[in-house]
Amino acid sequence: MSFFKKAFMLAGAIAIAASAAVTPSLAEEGTGQQLFPLFSYRTGPYAPSGIPQWAGYRDYFNYINEKGGVNGVKIFVQECETAYTLERAFECYERYKNGYAGAPVAALFTTSSGFDAAISDKARIDQLPIVSVAGGRGDAVDGSVFPYQFPLLFDYWTEASIVVEHIANQVGGYDKLKGLKIATLYHDSGYGRETIQPMGILAKKYGFEDIQIPVPHPGEQQQAQWQQIKRAGVDWVFFRAWGVMSPVGLKTAARVGFPADRIIGDIWTGSEEDARPAGAAAKNYLAVSVYPSGTDFKISQELKKNIIDAGKGDLKDPTKFGSVYYNAGLVQAIIFTEVLRTGQAKFGNHPLTKEEGHWAVEHLDITAERIEELGATGLLSPLKVTPQDHEGQPAAKIVQWDGTKWNAVTGWLKGDRPLFKDAIFAKAAAYAKEKNLPPREPVAN
């Protein structure tokens, strides 16, 4: 039985068990508010990357609620611990997919690439928008095939092209890539394998040697892989790690003599939690960043004044304020509130249903001017979604670790998304054929 069939059967069993989960005493608790189910993982091996994110979410929502909510509608956060497991994520999904305690759900923001892939069939049946900011399944950018999934802001295919773009800039141009050896050292999972195809396409176009090296979960042993990199004479490493694999990899690279400034980490391999535990081995390490760190953004200063310094913040460790993962939660919370504003502009200032939320996500348009109004210039790049394009305009910066903090070394880079369009949409078409999905009806404005 396939993974996805098992996942679908699991979801069905959980749905039955969850049908009586809401007690009558909770029936009115969320009335008049907008539900935000927060799928967290404060426990398990990936908790260090999760805990600051949830604080970013909660602190921004607290700030919005203290200002009266989104056009008078407050956000009703219900946290559900998944421990980053598929089974518990499905339990959370069944609990909140139809709203909770009188508060409707407009969209579900997920936090696991594995869950994003496994939920595709269920989301289509339930017609619930699934938003995966800077993650999720890459072929879901095709809204004609995946009407209810939104891998907003960034995708791993674009990330691959941004890494190659940065390397080209360092060596003197794309024509200088020919003959170089670029190794992708990746977490051997669906997330990690997502860049194999785009790196192959880029290698064919520019003439570099594409070397793919997997690391078994959780990545605590990497000596053999880094020795292979060293023996092969690799020029650059695209490091797609997660959790403990990140600092272990940087320490191992240092032991075999591979320079940190020739390692470019993935967006989930470029946080303080990835670099700091590696100590001196991480100095000058590079990473792709969709979520720049820092506290100088206007919205960060607002949060510090009104939430953090007022003792209302969710962080137990105040040094995490403004960290990469904290700002990841902050950015995603901003996007959610902008979805609500978009929907309210059409349907009225009330809590949105999932149908209204679906329309809102498909018509989301966060301009540079709006980002400035939000106090998020430099923190968030412009984002425009359409019924056909469920991602927007992906962009990221390259940042570098100086031993204590991350510093941006580029502006927003956009990569070569058009290069991959045919391949990505072909994957979506193959999925539609496999599932025998009918063509989507045109969407009215």
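User: A crossing of two helices is right-handed if the near helix is turned clockwise from the far one by less than a right angle, and left-handed if it is turned anticlockwise. With that in mind, is the crossing where H13 passes H14 left-handed or right-handed?

Analyst: In this predicted model, H13 passes H14 in a right-handed crossing.

User: At what angle do they pack?

Analyst: Helix H13, residues 324-347, and helix H14, residues 354-362, pack at an angle of about 110°, and their axes are 8 Å apart. The two helices are therefore roughly perpendicular to each other, since angles of 65 to 115 degrees count as such.

User: Which residues meet there?

Analyst: On the H13 side they are Val339, Thr342, Gly343, Lys346 and Phe347, and on the H14 side Glu356, Gly357, Trp359, Ala360 and Val361. By class, the contact of H13 with H14 holds 5 nonpolar, 3 polar and 2 charged residues.

User: Now H9 and H10. How far apart are their axes?

Analyst: The axes are 9 Å apart, and H9 (residues 223-232) packs against H10 (residues 245-256) at about 45°. That angle makes H9 oblique to H10. H9 also passes H10 in a right-handed crossing. H9 contributes Gln223, Trp226, Gln227 and Lys230 to the contact, while H10 contributes Gly249, Thr252, Ala253, Arg255 and Val256. Of the residues in this contact, 3 are nonpolar, 4 polar and 2 charged.

User: Let us turn to sheets. In what order do the 7 strands of the open sheet run?

Analyst: The order is E7-E6-E8-E9-E10-E13-E14, with mixed pairing.

User: How many bridges join E10 to E13?

Analyst: There are 4 bridges between strand E10 (residues 286-289) and strand E13 (residues 397-401), and these strands run antiparallel. In this pairing, valine 288 stands opposite isoleucine 398 of E13.

User: Which strands of the sheet does H10 touch?

Analyst: H10 packs on the sheet and touches strand E6 (181-187), E7, strand E8 (236-240) and strand E9 (263-265). The direction of H10 makes about 160° with that of E8.

User: What about the sheet of 3 strands; is its pairing parallel or antiparallel?

Analyst: The pairing is parallel, and the strands form an open sheet in the order E3-E4-E5. Strand E3 (108-109) and strand E5 (149-150) have a single partner strand each, so one side of each lacks a neighbour in the sheet. Strand E4 (residues 130-131) is joined to E5 by 2 bridges, and isoleucine 130 stands opposite glutamine 149 in E5.

User: New topic: how many salt bridges are there?

Analyst: The count comes to 27 salt bridges. In general, side chains of opposite charge can pair when their charged atoms come close. One of the salt bridges joins the side chains of lysine 435 and aspartate 121, at 3.1 Å from N to O. Lysine 435 belongs to helix H16 (residues 417-435) and aspartate 121 to helix H5 (residues 120-126), so the pair ties together parts 314 residues apart in sequence.

User: Finally, the backbone. Is the peptide bond from histidine 217 to proline 218 cis or trans?

Analyst: That bond is cis, with omega near 0°. Proline 218 is in the loop between E7 and H9.

User: And what is the phi of asparagine 71?

Analyst: Asparagine 71 has a positive phi of about 55°, although it is not a glycine. Its place is in the loop between helix H2 (47-66) and strand E2 (75-81).

How values were computed:
Residues are numbered from 1 along each chain as its sequence is written. This is a predicted model: local features need pLDDT of at least 70, side-chain atom pairs count only at pLDDT 80 or more; totals for chains, interfaces and linings use all residues. Side-chain values use heavy atoms; hydrogens and water are left out. Axes are lines fitted to C-alpha atoms, for helices over the stretch in contact, and angles run from 0 to 180 degrees between N-to-C directions. Angles under 35 degrees count as roughly parallel, over 145 as roughly antiparallel, 65 to 115 as roughly perpendicular and the rest as oblique. Contact means heavy atoms within 4.5 Å. Ala, Val, Leu, Ile, Met, Phe, Trp, Tyr, Cys and Pro count as nonpolar, Asp, Glu, Lys and Arg as charged, and the others, Gly among them, as polar. Two strands pair if DSSP finds at least two bridges between them. A salt bridge is a side-chain nitrogen of Lys or Arg within 4 Å of a carboxyl oxygen of Asp or Glu.
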